[in-house]
Structures are given as C-alpha cells and as structure tokens.
Amino acid sequence: MDGFLDETCGGVTELRVHGVSGTPPAGTLGHPHPRLVAGDGTTGFYRRWWEGGRPSGDHPDVPGVRRREAYAWGNLTSGGRTIALWLLLLPFSLANLSYFMLPRPARGVRLRHVTEAAQRLFALLLTGTLVGAVTRASVDLVGWQCTAAGRACTYDTAPGWVRWLGVLWGDEPSRRLAVTALVPLLVVVLLWWIARRTWLRDERTVPPETAFQDGVLLARPRLWHGAAPVWRLRVVHVAFSIGSIAVAVSAPFAGTATGLALTVANAGVMLAAAVLAALPSIARRLDPHTGQRPPAWLTFACHALRVAAPVAFLATAGAALAGMPARVAGTSAWWLPGVGIGTFQYAVTVGLALFILVATAVLARMDRQGEPGGRGEGRALGGMAAWVVLMVAVGSANVMALGLLFWTAAYFGVPAHPASPQPVGGKLFLDEAVWWTAALVPLLLAGLVVVAAGLWLSRRAEAGRLAPELKPYYLERDDARVVARTWALAALTDRAGLVLGVLTGIGVAGSAAVTVIHRLRLFTPDGGIAGLLASIGSWAMVAVVVALVVIGRRTYRDTRLRRTVGILWDICTFWPRAIHPLSPPCYTERVIPELMTRVGRLAPTDRDQVVLSGHSQGSVIVAALVLQLDPGQRARVRLLTHGSPLRRLYAPFFPAYFGGAGLSAVRERVSWCNLYRLSDPIGGPAFRRVDPLAGGQRDAVDRFCWDPLRPGPGEPLPETRWHSGYWLDPSYDAALDRLITVKPAA
C-alpha cells in the first residue's frame, strides 16, 4: 500500500474512544484516511494513513515513538439493521437500568437481595405485559371476537387473510385460537433469536485474566462476564411467555377435563419460571478464570423448563386444532376467559411495585446514613431513581401494549366499551380497565406541558442571572446575553431527575385514582369527561404505536437515522443484562475485554504509555476500563476525559458504581484530566462543581473550557461547540502534553 501507516506498538499512544452516535473513525482521529489495524468491521482500532508518505511535525505518527489511534465501537449499537426492532424493547432496557440504580448500603445486603429478586419478577411480568398485549390483540380481538360467526372479520369487507378463519371455523373457537396464537409465538421466537444472536456475539467474550482484585464494584471482573446468567434468564422469560400464550388458548375451555389439564400445565410452566426468576442464583455472575460453576441443579432446571414450555404449548395447540367445545359455561360473546390471568398479573405487579418502593426508600435512607453528614448529596431523586425508572418502564410498556390493542380493534372493527349497547356487530370489546388507562394519557400530556413551561421559565431566570456576570468576558452588547441563554439551556440537564419524578408522580397518582374508581364502580369511562379523555388517550396511544412502526421502518433503511436512534442504546446498553435478558445487548461486555487486550499490546513495558482519551460515553467506558486493569498495566495508563457525563448523569443515577467511591477510585489509580464546558448539556466536571466566574478552589482533575471562545475586539462571536469538538480545543493539546510522562526521543 502506498503512503504511510504506523503499525508499531510501544512508545506513547493516544487511544481515542468516541461517544454516542457511533462517530466514524475519520471524525475521531481528525484525519480523512483512517485504516483498520486491529479488530473487525463491528469493533476495531484505527490509525491515520498518510497519503503523501511518512509525515513530520509535532503531532503526526512516528513508529515506535508516538501515534494516535481510535477505537470504534458504535456498530454494536447502531450498525445493524435489527436496531429498528430495539425500539420495541425500550421498557425492557429501562427495567434493566433500574437494577443498577438501586442503592447498595453495606448494612442492607439481605434487603437488597430480596429487592433484586422482586425486580427480576417485575421484569418477568414486564415481558408478560408486552407478550400479553400481542396475545390479546391476536387471540382475543381477532381469534375469539372478530372471526366468530356474524362478527366484523366475517364480513365481505374484511381482509381475506383473516376472513377465512371465520368462514371455516366461525363456530369452532378453539381452532381459531390455535391459529391466532401463532402470531404472539412468532414474536417470542423473534425476541429469543435477537437476544441469542447478540449474546453469542458479545456476552460470551471472556475478559483477560488480571492479577489484581479491587473492592470497587466497577472493578469486579464478573460485572462484564454474563454469558451463563443471561442464558438462564432468557430461558425463564421465553418459557413464561410461551406459557402465557398457551393459557390464553386453553383457559376458555377449562370447564372440560382436557382444557383444565392443559391450563394447569401451562400455568405450571409460568409458575416455575417465576420461581426460578426469584432465586438469587439465577442471575449470579461468577468471576472468570476462577473455575467456579453454577449449581448443577439450576442448569438442569433451566433445561427442563426450556423443554416443558414448548411441549405444553404444542399439546395445547394440538388439542385446540382437534376441536374443543364451542360453548363453555361462563363465557360470553366478547370476553376471552384466558386473559383473566392478566388481572392476577396486574395485582402481582402492583404488589411488587409497592414492595420495591418501600424497600428502595429504606435502602436509600440506609445509604444516606452511611455517608458523612448523612445527607446523600448528589443522589438523583433522593436515591429513589431505581423505582422511578421502573415505573417509567412499566408505563412505556403499557402505552405500547394498549396502543397495539386499540390499533387492532380500530383496524378490524370498532373499539368498544363492555357497556356499549347492542347489537354487537362489528364492535371489538376492550375491558373497562383498558379504557381507564387510556384516560390517563391526556393527563400525562398536560403534565408534560406544565413541566416544559416550568423548564422554560427556569432557563429564562438562569439566563438573566448569568448575563451580567458574563458581560466582562464577552464585551459586545448582545454576546453576553447569547452565551447566557446557551449556558442556561445546557443547565436544564441537571433537572432531569426532577422532571422524571414529577411525570412519574402524575402517572402513579392517576393510576391509583382510576384503579379505585374502577374497583368501586363509581362511574364508567364510556361517557362524559372520562369518556372523552379515554377516547383522546386511545388515539394518542395508537399514534405512538404507528410512530414507532414508521421510525422503525426508516431506521431499518436509513444509516444516519440508525446512528441517531443508536444514541439511546449507547446510554442504556452500557450496563449488562442483569435482570432482563431480552433487552438490547450490553456492548461493554465486548468493549472492555477488547480494550484491556489492546492496552496490554500497546504498552508492554514500563517505557511505554497509553493515554485513554474518552469523549462523552467514551469517558464512561475508559473510567470503567482503568479499574479492570491490574496495577502493572495501570501504571502505564493516563486518563483524559471530555464532555463526560460521569458526575452529571452517572454518579446521581448510579451512585453505587459511579458515586464518590467509584470516581475517587479512578482518580487514585491513574493520572486524570477532565475537560468540561458550561455550554455542554451532557458533560460536566467529574468532581467539584465550581462556578468558573466566581473563582474558588477547583479540583485538580477538572479543567474548564470557554465555549464559545471569547472573541477579540471587533470580532464576531465564535460558533458554540456544545458537546462536540473537544479534540479541536487548545485545552485538549495542553492537557495531553501534561499527562504524557514518557518522553522517548523521536
């Protein structure tokens, strides 16, 4: 190959790790011609290729002396087309995040273990919520109601691909249910395939063996070694889902001996899955290279469950296709008895939510008491973030689930309330609880508008405060005002926890109110203000589902949009799949081992040095990385972070991992410099929040950077860089020079 490419190791290496949105290697390196020197097309290490031959100067690569290298990991979250399907898995991802937000006080180990078991059960029921929505849409609305004799799907105007069910088996519901049950089964198979594919690709990567074990949570090798527990949890969730689908087919015929036996068998599969999910050993991670193995009985139980679930389903489908009684005592023209189990699941979900609320509050209080001063400063939502995010997860799952039900009912017929007057005709009935939940959506939208107005007023007040202070630095008449508005807008990120808490509070309070109204039968949502709210909410949820489908379709085809949507997964999937195995995969379980191996190759001796330069999410990755290195490797590593959310987002929401102990451990173990701007809505200081305009003692790690840069007399105000372009800032080169202590001769 013509030109010049440094492929040597040793000396000083500036290893850049990009942040969210999968920044291309050319952008990370600041060079138009990147070349892959290690890795593959999914993740890889790139260096600059010099078209004109070997370069000269202060910054170009010099073999064996210095070089710039970039690690590209963005394809793990935005490279594949299956990311389009990940949008539907957002509730699972949020539930998984909540596990890592749980406070971990030293005195509350037993309570925390019980709470974690409750979280795993909650995650299992969350899977049941979404799979149950597909089951109800297909088996109940289409198989039980719409294709029955004389109903909407038997009309000549109905789509031919469903009308045949009513024509052939209009008076034989069991056969219709068996066929329509294939739809949710295919959804479960798709979820299993996606989860298994990413598990094989990423989570089976074994971290290199290190000779050092640190007490800090982020330093534990088993954190990034989840092959076995993720497999066990996946078996449990898939079996539970298959069992719930089969129950919907068999339960309407539980009045017969065959129907009852099949219902008990399928319910037994669900119960076994729930029991396994609650066991501590099901999700326990073991340190690699120690020879530890999970209990043999647990592996056997998982294998037995993965066989029992499909066998019971096949038996149920076979019996239903063979024909079961068309009329069973207790059934009606619109109510599918099998979904009655959903009421039980709802009650269990509410009970688990209340327990997790109380337990999290107790753990948060114990965590605060264990700190100096007992205030727990910097904890998002007072340490209750785990519960709040779990409620957001179940709320988003319900919006998707009910949106699907309303869309299905509207597509095949007319959505109707159970109290709707006869005749039945083309009506597809949704039970009263569904309509009450829909009535909450307009209230949440109204709350969102109020919160947005509050944020706007907050930004305006902060800009008014900053403008006079910035006047001495930005001399032009309007420059100080423009910069003040920019900084005030970026500061709104600090109120993310408050916004989340307010919206969650509105949702929980509204859910409690409508549950009481529904249970006491005070009035029904089929008329008046309640009916209007329910109607608006139903169409709003249909709009959400349609929007997700449209975005997913465009994401599948559009690489740029895939990168944009991938930002969400860059943040959510940093954490391993600890309680929900069907959530999008954890890229860190592949990234951390690869970076550990690469650091060892780049700095094999004490005469070599690697400066880990992490931007945005890359700063979180490199901070976790340095704690995984043994002391010998760590002595050859320096840390340079910029646009880092470590203190601003990760420390408040994940205090057990990135709180005072975690970040202090990073500072104690490596030389570290962190660059931040007040115009950056994501990054910030890693330690002390010091107002750069007021002076004061600043932390040795943090370095403030002006943005926009202060113009000279008569010059226009430079462009604001916000969260990007730290590599182009003069402060970056200065910080890099300070960190490099190995000075080999060129």
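## A histidine and its surroundings

Apart from neighbours within four places in sequence, His 31 makes contact with Ala 26, Arg 48, Trp 49 and Trp 50. The model that shows these contacts is predicted. His 31 sits in the loop that lies between helix H1 (25-29) and strand E3 (34-39). The relative accessible area of His 31 is 10%, and a residue counts as buried under 20%. His 31 is therefore buried.

## The chain as a whole

The secondary structure of the chain amounts to 25 helices and 11 strands. The chain has 746 residues, of which 54% are buried. Among contacts between residues at least 6 apart in sequence, 77% join residues at least 24 apart. The chain exposes about 31,000 Å², and carbon and sulfur atoms supply 62% of that area.

## A run of parallel strands

Strand E8 (residues 609-615) is mostly covered, with 7 of its 7 residues buried. The cover extends to both faces of E8: Gln 609, Val 611, Ser 613 and His 615 are buried on one side, and Val 610, Leu 612 and Gly 614 are buried on the other.

Strand E8 has pairings with E2 and with E9. Strand E2 (residues 12-17) and E8 pair in the parallel sense, and Thr 13 stands opposite Val 610 in E8. Strand E9 (residues 637-642) also runs parallel to E8, and here Val 611 stands opposite Arg 638 in E9.

The pairing continues from E9 to E10, which run parallel; the bridge partner of His 642 in E10 is Leu 675. Strand E10 (residues 671-676) has 5 of its 6 residues buried, so the rest of the structure largely encloses it. E10 in turn runs parallel to strand E11 (residues 702-704), where the bridge partner of Asn 674 is Asp 702. The bridges in these pairings are listed below.

| Strand pair | Sense | Bridges |
|---|---|---|
| E2 and E8 | parallel | 6 bridges |
| E8 and E9 | parallel | 6 bridges |
| E9 and E10 | parallel | 5 bridges |
| E10 and E11 | parallel | 3 bridges |

## Helix H11

An α-helix has 3.6 residues a turn, so residues three or four places apart point the same way. After H11 comes Gly 323, which has a positive phi near 105°.

## A nonpolar patch on the surface

Which residues form a nonpolar patch on the surface? The patch is made up of Trp 161, Trp 407, Tyr 411, Val 546 and Val 550, which together have about 520 Å² of accessible area. At least two residues of the patch come from each of helix H13 (385-412) and helix H17 (528-557).

Val 550 has its place in helix H17 and is partly exposed, with a relative accessible area of 46%. Ala 543 is also placed in helix H17; this residue is partly exposed, at a relative accessible area of 44%. Ala 543 and Leu 404 are 139 residues apart in sequence, while their C-alpha atoms are 9.9 Å apart in space.

Terms used. Residues numbered from 1 in each chain as written. Predicted model: local features only at pLDDT ≥ 70, side-chain atom pairs only at ≥ 80, totals over all residues. Heavy atoms only, no water. Patch = residues over 30% accessible without salt bridge, like charges linked within 9 Å, V, L, I, M, F, W, Y side chains within 5 Å. Areas by Shrake-Rupley, 256 points an atom, 1.4 Å probe, with all protein chains shown as cover. Salt bridge = Lys/Arg side-chain N within 4 Å of Asp/Glu carboxyl O. Helix = DSSP H or I, 4+ residues; strand = E, 2+ residues; numbered from the N terminus. Buried < 20%, exposed > 50% of the residue type's maximum accessible area, 1.4 Å probe, protein only. Contact = heavy atoms within 4.5 Å. Pairing = 2+ DSSP bridges.
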